[in-house]
Amino acid sequence: MHKYPPFTRFETGAASARVREQLARLRHHRRSEAILDEATARLATELNIRPGEAAERLVRMAHHSGLDVIEVAKGIERPPEEPAQALEVPAWVRGMLEAVHASALYLTPVKDSLGRVVDFRILAANRHARTVSGRPAGELAGCRLMAVTPGVASSGLLDDYIAVYETGGSVHREPLEYVEVLDYLLWPATLSVRASRVDEGLLVSWRTLDDEELLVSGWERAQRLAELGWGEWNLATERTLWTPAMYEMFGCDRDDGPMSLEELPGIVVPEDLPIVEDMMHSLLEFREAVETEFRVQHRHGVRHLSVFSEPILDTDGLPVKVRCLAQDVTKNRRRERALAVAHEQAHWQRQRAEEEHRITIQLQNTIMPMRRGLVHLPGLTVGVRYLPGEELARLGGDWFKARLIPDGRVLLAIGDAMGHGLTAASIMLQMRSGLGGLAYTGADAGRLTTWLNDLIVHADEAVTVTGTTIVGHFDPKERTYAWTNAGHPAPVLIRGGNAALVEGASGMMLGAFDATEYRLTTTQLEPGDVLLLYTDGIVERRGQDLGAGMEALVQAAHMCAGDDPEELISCLLKRLGGENAEDDICLLAAKVL
C-alpha cells in the first residue's frame with residue numbers, strides 16, 4: 001500500500017494547467033524582450049549610437065508619448081539596407097578566414113562622431129559562415145553587424161568585441177546561451193564564440209555546440225556545482241587519471257600529478273585511517289564496491305569526502321583498475337554540526353523557559369491566589385477574572401486589587417507590568433504589594449500613584465522597569481470613584497444597558513520618569529452602574545489597531561450588560577475571544593449597589 005494516495009485526475013489536470021499558464025507567461029515575457037532587443041538594435045544602427053544609449057532613448061520616447069515601451073518598440077522600423085558595396089578584402093584576410101573550420105567573420109569598426117566604436121562592419125566572411133537565424137556567407141559582406149545579428153547587443157557580445165578591439169586582447173565564451181532576434185522571432189542556440197584583434201579589425205568565429213558537447217559541458221558544470229570528482233588508478237601500468245576537481249578535494253597541485261593509492265593514507269586524518277584501510281581491503285581483497293566517508297588533511301583545513309569506489313576486474317577476476325567518484329561534503333557536515341548545536345541550544349532554552357514558566361506561575365499563584373469569582377465590598381459587588389496567556393514566553397505581569405481600607409473606602413486598582421515571564425511577574429509583585437502597603441496611609445489615588453512610580457523607578461538601578469495602572473478609591477457613601485491613570489487603557493462604564501469609555505486625566509506610565517505627578521479624576525456613579533477595569537490583553541490583537549480593539553470592547557460590553565458581574569465577564573471573553581488570547585487578560589467588573 002502506498003504511503004500517499006494517488007492524485008485524482010482533477011488534481012493532475014489542475015497542476016498541468018498551472019504549468020501551462022506559467023509557461024505561457026514566460027513565453028509572452030520572452031517575446032516582449034525580443035521586441036525590445038530588436039528595436040534597440042534597430043535604433044542604435046539608425047542613429048549610429050551604442051545599444052545602451054538606444055535603450056535609454058526608447059524609454060524616453062515611451063515616456064513622452066504616454067505609450068507602453070513595447071508599443072513604442074513595435075513602431076521602430078528596420079533601417080533601410082545599405083546598398084551592397086564592393087569591399088576590397090586583402091588576400092591575407094581571405095586566407096585567414098578560410099583556415100578557420102567554423103563560421104568566421106572579419107570585422108572593421110564603425111565609429112560615431114566622437115570617435116567611439118558603436119558597431120562593426122563585416123568586411124568578409126568565410127564559406128562556413130552562417131548566422132544563427134540562417135543567413136549565409138554571401139549575404140553578410142558589407143553589412144553592419146547589428147543589422148544582420150541584432151542578438152549581439154542583448155547578449156553582451158558587442159560589448160566584448162568593442163573591449164577586444166580597444167585593448168587588443170581576446171575573448172572566448174563557451175557555452176554561451178545566445179538568442180538571436182530577427183523580425184521579432186527568437187532563434188536560440190548554445191554557442192562557442194571566440195574573438196581576437198587582428199591588425200585594424202577583429203577575427204570572430206563561432207560554432208553551435210552539438211548534443212555531445214552540451215552533455216559534456218552540463219556534466220562539467222554539474223561537477224562544479226555538486227563538488228564532484230572522478231578518478232581512475234590503473235594497477236597494472238600505475239597510470240592515474242583525475243578530473244580537475246579531484247586535485248582540489250585532495251589538496252594536490254596539478255603540476256605534481258595525481259596521487260597514487262599508496263600515498264592516500266598519508267593525507268587521511270589519523271582517526272579515519274581504519275576506514276581507508278578497510279576500503280582498500282574490500283576493493284583489492286574482496287573485490288567489492290565500497291561507499292564510505294573519511295576526512296583528509298587539506299591545505300585549507302580538514303575536508304570531509306564521500307567516496308564511492310569500485311574495482312575493475314579482468315577475465316580472471318583480478319583487479320586491474322580502481323575507479324572512484326568523490327564528493328566534498330564538508331559544507332554539509334558543518335551545517336549538520338551547526339544544526340546539532342542549534343538543537344542543543346534550543347533544547348536548553350526550552351528547558352529554561354519551562355522552568356521560568358513554572359516559577360512564574362508559582363509566584364503568580366502566591367501573589368494572586370484568586371483567579372475568578374465575586375468579592376463583596378461596601379457598596380459594591382466585584383467580579384474578577386485573571387487568564388494567563390497561552391504561550392509560555394508571553395506569561396505577563398497583569399494584576400488587580402479590590403479591598404476595603406481602614407478609612408471605609410474601597411481600593412479598586414488594576415495594572416500591567418511591561419514584559420513577560422519571570423521579570424514581569426517580579427515587577428508585578430513590586431507594584432501590587434507596594435500599592436497594598438501604601439494604600440493604608442489614607443492618601444488619595446494621585447499621591448499613591450506618584451509614590452508607586454518612585455518605587456518602580458528606584459527598584460533596580462541596572463534595569464529600566466515600566467508598567468501601567470489605574471488606581472482609585474470608591475466612596476460607598478458618595479458613590480464616587482476618584483482615580484488616576486498611569487498610561488493604562490481607560491475604564492468602561494456600563495449604565496442603563498449602554499457602555500462608554502470613561503474620560504479622565506491620563507498620566508505617564510510608571511517607571512518612565514522620576515518625580516512624576518498624577519492628576520485625580522472623580523467619576524460619579526449610580527446604583528446599577530458597572531465599572532469595568534481591564535488590561536490590554538483583551539483589546540490587543542496581532543495586526544489590529546488598538547482603537548479598533550477598544551471599540552470592540554465597548555460594543556461587547558453594551559451587548560453583555562446584565563445583573564451579574566461574573567456573567568458579564570464571561571460574556572465579554574466569549575465575544576472577544578479572550579479564552580484563546582496570546583497575552584494575559586485581567587478583568588475587574590465592579591457593580592454599584
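Biologist: How many helices and strands does the protein chain have?

Modeller: Helices and strands are DSSP runs, numbered from the N terminus; a helix (H or I) needs at least four residues and a strand (E) at least two. The protein chain here has 15 helices and 22 strands. This is a predicted model: local features need pLDDT of at least 70, side-chain atom pairs count only at pLDDT 80 or more, and totals for chains, interfaces and linings use all residues. Residues are numbered from 1 along each chain as its sequence is written, and side-chain values use heavy atoms, with hydrogens and water left out.

Biologist: What share of the residues in the protein chain is buried?

Modeller: Buried means under 20% relative accessible area, exposed means over 50%, and partly exposed lies in between (1.4 Å probe, protein chains only). Of the 593 residues in the protein chain, 44% are buried. Cys252 is buried at 16%. Cys324 is buried too, at 5%.

Biologist: Which cysteines form a disulfide?

Modeller: A disulfide is a pair of cysteine sulfur atoms within 2.5 Å. The structure holds 1 disulfide. Cys560 and Cys571 form it, with their sulfur atoms 2.0 Å apart. The pair links distant parts of the chain, 11 residues apart: Cys560 sits in helix H14 (residues 546-560) and Cys571 in helix H15 (residues 565-576). The link is left-handed, with -65° about the S-S bond.

Biologist: Are Cys560 and Cys571 buried or partly exposed?

Modeller: Cys560 has a relative accessible area of 7%, so Cys560 is buried. Cys571 has 25%, so Cys571 is partly exposed.

Biologist: How do I read a pair of aromatic rings?

Modeller: A pair of aromatic rings is described by the distance of the centres and the angle of the planes. Rings of Phe, Tyr and Trp (its six-membered ring) pair if their centres lie within 6.5 Å; planes under 30 degrees apart count as stacked, over 60 as edge-to-face and the rest as tilted. By this rule the count is 6 aromatic pairs. In one of them, Tyr481 and Trp483 have ring centres 6.4 Å apart and planes at 15°, so the pair is stacked. Both Tyr481 and Trp483 are buried.

Biologist: Which residues form one aromatic cluster?

Modeller: Trp233, Trp242, Tyr247 and Phe250 form it.

Biologist: Where is Leu241 found?

Modeller: Leu241 is in strand S7 (residues 240-242). Its relative accessible area is 33%, so Leu241 is partly exposed.
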